[in-house]
Amino acid sequence: MPEPQSPPTGDHGGAIAATGAGGGMDLATSEGATLEQRPAGPDGGSDRGAGGESTGRPRSLWSDAWRDLRRNPVFVLSALVIVFLVIISIRPSLITAGNPLSCDLARAQDGSRPGHPFGFNGQGCDVYTRTVYGARTSVVVGVLASLGVAVVGSVLGGLAGFFGGFWDAILSRITDIFFGIPVVLGGLVLLSVVTSSTVWPVIGFMVLLGWPQISRIARGSVITVKQNDFVLAARALGASNPRMMLRHILPNAIAPVIVVATIALGTFIALEATLSYLGVGLKPPTVSWGIDISDASPYIRNSPHMLLWPAGALAITVLAFIMLGDAVRDALDPKLR
């Protein structure tokens with residue numbers, strides 16, 4: 001019996017070119033025909049629909065990463081903690097009916113009692129209620145700062161890595177200048193002249209000093225991806241620079257940025273608490289874990305409960321985001337497969 005032959009790869013239809021990250025990148029018909037690759041793995045190498053039938057689509061990096069994340073207990077645990085924090089940030093009234101700004105000096109520094117499990121702070125405010133409402137500030141600052149840093153750093157670093165030459169050299173020198181600024185010292189200098197009690201000055205400061213790290217990561221990732229064959233083929237077939245950036249390079253270079261931004265989210269939450277503790281971050285009447293830790297520090301020997309609860313909530317939140325970032329990194333790194 002003659003050997004079965006593979007179907008010819010002709011010059012028709014769309015095509016799929018292998019990416020450097022284990023996924024696939026389709027090249028439009030107008031850009032020419034390439035070999036259609038359907039990698040065969042232990043389970044067939046392709047996505048399977050209901051009933052186990054093959055859908056004919058090769059698995060991508062993102063589908064493999066999501067499959068690994070769902071099986072990772074570290075990811076599941078950290079994701080549950082983060083989801084809980086997001087829920088109480090949106091609706092803190094779900095788990096507390098108190099007002100964080102309602103205080104009674106007659107109860108100052110009192111310990112736990114029925115209805116007030118965490119006791120009271122030095123102003124007679126309920127520590128439990130303030131700890132719950134403090135999650136909103138931390139989540140808002142961390143998420144918005146991470147998004148701002150990821151967008152600014154990705155755009156600048158991606159453009160520098162793609163075009164190279166003069167613009168790459170200029171951006172690299174600017175990045176070195178920002179790397180030389182100590183973050184805490186920069187916050188003390190820049191935020192000490194701000195009188196606003198909102199979160200926006202703190203977020204703006206974090207974006208201003210946080211984008212160089214993401215920029216350097218994005219630049220290196222773009223330089224690596226643009227040397228792959230499918231990008232060179234698209235360039236040779238006349239694809240425009242915006243098309244190559246958005247269609248071919250961005251989907252394959254964004255994974256390291258997502259990992260670093262996720263880990264940095266926890267760092268930004270800790271930085272906000274540090275600046276608020278030093279008196280240059282958020283200011284009353286804003287409810288913040290850093291403010292509560294600063295107010296409780298003088299009473300740590302006589303009333304440790306005032307410090308332990310907001311500090312514990314801060315530590316758990318930062319740890320959850322760092323664990324989430326580590327899990328995402330392990331799932332998106334093809335070298336660890």
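Trainee: Why is Cys103 called partly exposed?

Mentor: This is a predicted model, so the label rests on a computed value. Cys103 has a relative accessible area of 38%. Buried means under 20% and exposed means over 50%, so at 38% Cys103 is partly exposed.

Trainee: And what makes Cys125 buried?

Mentor: Its relative accessible area is 4%. The cut-off for buried is under 20%, so Cys125 is buried.

Trainee: How do you know that Cys103 and Cys125 are joined by a disulfide?

Mentor: Look at the sulfur atoms: S to S is 1.6 Å. A pair of cysteine sulfurs counts when they are within 2.5 Å, so Cys103 and Cys125 make a disulfide. Both cysteines lie in the loop between α2 (73-90) and α3 (127-163), so the pair ties together parts that are 22 residues apart in sequence. The angle about the S-S bond is 70°, and the link is right-handed. Searching the whole structure turns up one disulfide.

Trainee: Phe120 sits in the loop between α2 and α3 too. Why is Phe120 called buried?

Mentor: Phe120 has a relative accessible area of 2%. Buried means under 20%, so Phe120 is buried.

Trainee: Which residues is Phe120 in contact with, leaving aside its neighbours within four places in sequence?

Mentor: Among them are Arg107, Asp110, Cys125, His305 and Met306. Each of these counts as a contact because heavy atoms come within 4.5 Å.

Trainee: Let's move to salt bridges. What makes Asp168 and Arg219 a salt bridge?

Mentor: Their side chains meet at 2.6 Å, N to O. The limit is 4 Å between a side-chain nitrogen of Lys or Arg and a carboxyl oxygen of Asp or Glu, so the pair qualifies. Asp168 lies in helix α4 (residues 165-179) and Arg219 in helix α6, so the bridge ties together parts that are 51 residues apart in sequence.

Trainee: How do you know that Arg67 and Asp68 meet in a salt bridge?

Mentor: N to O is 3.8 Å. The rule asks for within 4 Å, so Arg67 and Asp68 count. By this rule, the total is eight salt bridges.

Trainee: What do Arg216 and Asp176 tie together?

Mentor: Their side chains meet in a salt bridge, 2.7 Å from N to O. Arg216 lies in helix α6 and Asp176 in helix α4, so this pair ties together parts that are 40 residues apart in sequence. Salt bridges with shared partners also link Arg173, Asp176 and Arg216 into one network.

Trainee: How do you know that the buried residues of α5 line one face of the helix?

Mentor: In α5, the buried residues are Gly186, Gly187 and Leu191. Seen down the axis of α5, they fall within an arc of 100°, so they line one face. They pack against α6 (200-225) and α9 (255-277).

Note on methods:
Residues numbered from 1 in each chain as written. Predicted model: local features only at pLDDT ≥ 70, side-chain atom pairs only at ≥ 80, totals over all residues. Heavy atoms only, no water. Buried < 20%, exposed > 50% of the residue type's maximum accessible area, 1.4 Å probe, protein only. Helix = DSSP H or I, 4+ residues; strand = E, 2+ residues; numbered from the N terminus. Arc of directions from axis to C-beta.
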